[in-house]
Amino acid sequence: MNDAWSAIYSQALALIEQVEPRVAAATRQELADQRASLKLIASENYASPAVLATMGTWFSDKYAEGTVGHRFYAGCQNVDTVEAAAAEHARELFGAEYAYAQPHSGIDANLVAYWSILAHRVESPTLERLGAKTVNDLSEGDWEDLRHTFAEQRVMGMSLDVGGHLTHGFRPNISGKMFRQRSYGTDPITQLIDYDTLRAQAKEFKPLIIVAGYSAYPRRINFAKMREIADEVGATLFVDMAHFAGLVAGKVFTGDENPVPHAHIVATTTHKSLRGPRGGLVLATKEYAADVDRGCPMVLGGPLSHVMAAKAVALAEARQPSFQTYAQNVADNAKVLAEGLAKRGVKLVTGGTDNHIVLLDVSTFGITGRQAEFALLDSGIVTNRNSIPNDPNGAWYTSGVRIGTPALTTRGFGPAEFDKVAELIHGVLAGTVPASAPNGPSKAKYVLADGLAARTKAAAAELLDAHPLYPGLQL
Ligand SMILES: *Cc1c(COP(=O)(O)O)cnc(C)c1O
């Protein structure tokens, strides 16, 4: 199997090389780079050989706008098979009433979710009130009124600087241009979500939609409580589990921490902790299913059939018992990583983690997040800088570094390796100082202690060599 995989990719790269050698070379180099670094980016992972192979086929050549069994193009029977398989696996895996496998990315899945809610809660009641069947039956005036009504709707999501996502109603994203937005933060002392404050805010703001979910919050959310609050104010609960879907799929988040039984709509990416192809997915209650189904062509172009096929493969993998082991390891390893950092004196936002994310506050080392990110990268450790609550350095330089365990857990790292990773990270942070600039210490330039980057790289290489990425793949 591994030999076959090597042969397939060697031949594919030879083929590519004949047409555009730079792409073939970059593809080889990307594998070498991913093999040679400690990938701690919390949103990244390594998809399986089967998932990767499924993406590289002629399904990419097919147009299939519409839904399973109801397409606007002829000859979609094979696309129907793979899309239905992806949706079936998603429903079974997550215990969802309905699943839509077409979104091309997490942002697109969120757009489908938002417009399904608007269609269900704003458009449909308006059509009914005016006795119209579709929007095409509305007069110019009624249509203008409806368009204005869309723009008046309110959404409430987690603040960006405590770990929320741009797509949760913030101005640079279309969601912020579509909706009036108010955000909820975290408690200034505990740095945790305070559900009573959230409830009070919701009662005052009366949002149509409450968004729960994050990309840089290192804690679990109580979705039962979120639903209670949404019900109290008549809001639709939309959960964006893009980051932690793998922990839901792997049954680490259960009961109140599992969003699926509590939310009206759940959107996710498929490539982060879920470990599938780059793409999106929407889960919904029966109530919202018909609206979600109109995602294409409402906000999506023709489905990426090759990626839907790969979603089916990845979701089939996630239904196997080994995926639950992986997911539990992701959470256990994050705890070890957090404890390893904390015991060496690194300050952590919320003091620790109970998901896959650890958020470091590097200000105690006298450096910015940007300096920490670059110094770690020089040392073979790939992370990303991130704001921390009330960040004095703003969103560009930041004071935080976000790390996560999914990728290295997939690679086979366990507690011993993650404690070593914590030691290496601490070593780099402690050995980095800001360069001096005319007006005091620089926020961007930095100096690493002599030989530190090389020593750290060598130590990282030892860990990586013991857990090779795609071991059978020789190019
Ligand atoms: C990553 C992420 C997204 C966006 O996913 P893309 O596939 O990059 O479009 C949306 N929401 C949250 C919470 C995320 O973490």
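User: What separates Arg 199 and Asp 196 in helix α8?

Analyst: About one helical turn, because Arg 199 and Asp 196 are 3 residues apart in helix α8. Helices here are DSSP runs of H or I with at least four residues, strands are runs of E with at least two, and both are numbered from the N terminus. This is a predicted model: local features need pLDDT of at least 70, side-chain atom pairs count only at pLDDT 80 or more, and totals for chains, interfaces and linings use all residues. Residues are numbered from 1 along each chain as its sequence is written, and side-chain values use heavy atoms, with hydrogens and water left out.

User: What makes Arg 199 and Asp 196 a salt bridge?

Analyst: The term needs a side-chain nitrogen of Lys or Arg within 4 Å of a carboxyl oxygen of Asp or Glu. The closest N and O atoms of Arg 199 and Asp 196 are 3.4 Å apart. So the pair meets the definition.

User: Why is Arg 199 called buried, and why is Asp 196 called exposed?

Analyst: Buried means under 20% relative accessible area, exposed means over 50%, and partly exposed is in between (1.4 Å probe, protein chains only). Arg 199 has 18%, so the word is buried. Asp 196 has 56%, so the word is exposed. Salt bridges with shared partners join Asp 196, Arg 199, Lys 203, Glu 228 and Glu 232 into one network.

User: How do you know that Glu 204 and Arg 182 form a salt bridge, and what does the pair tie together?

Analyst: Their side chains meet at 3.8 Å, N to O. Glu 204 lies in helix α8 (residues 195–205) and Arg 182 in strand β6 (residues 180–184), so the pair ties together parts 22 residues apart in sequence. Glu 204 is exposed at 56%. Arg 182 is partly exposed at 32%. The structure holds 21 salt bridges.

User: Which residues have the most contacts inside the largest nonpolar core?

Analyst: A nonpolar core is a set of buried Ala, Val, Leu, Ile, Met, Phe, Trp, Tyr and Cys residues joined through side-chain atoms within 4.5 Å. The largest has 58 residues, and those with the most contacts inside it are Phe 94, Ile 210, Met 226, Val 239, Met 241 and Leu 283. Helix α4 (residues 77–94) gives the most to this core, with 6 residues.

User: Why does this core lie between domain 1 and domain 2?

Analyst: Domain 1 (100–291) and domain 2 (321–465) both give residues to this core, so it lies between them. The domain bounds come from an automatic or database domain assignment. The C-alpha centres of the two domains lie 31 Å apart. Their contact (heavy atoms within 4.5 Å) takes 24 residues from domain 1 and 26 residues from domain 2.

User: Is Asn 390 buried or exposed, and where does it lie?

Analyst: Asn 390 is exposed, at 65% relative accessible area. The residue lies in the loop between β14 (384–386) and α16 (394–397). Asn 390 also has a positive phi, about 55°, although it is not a glycine.
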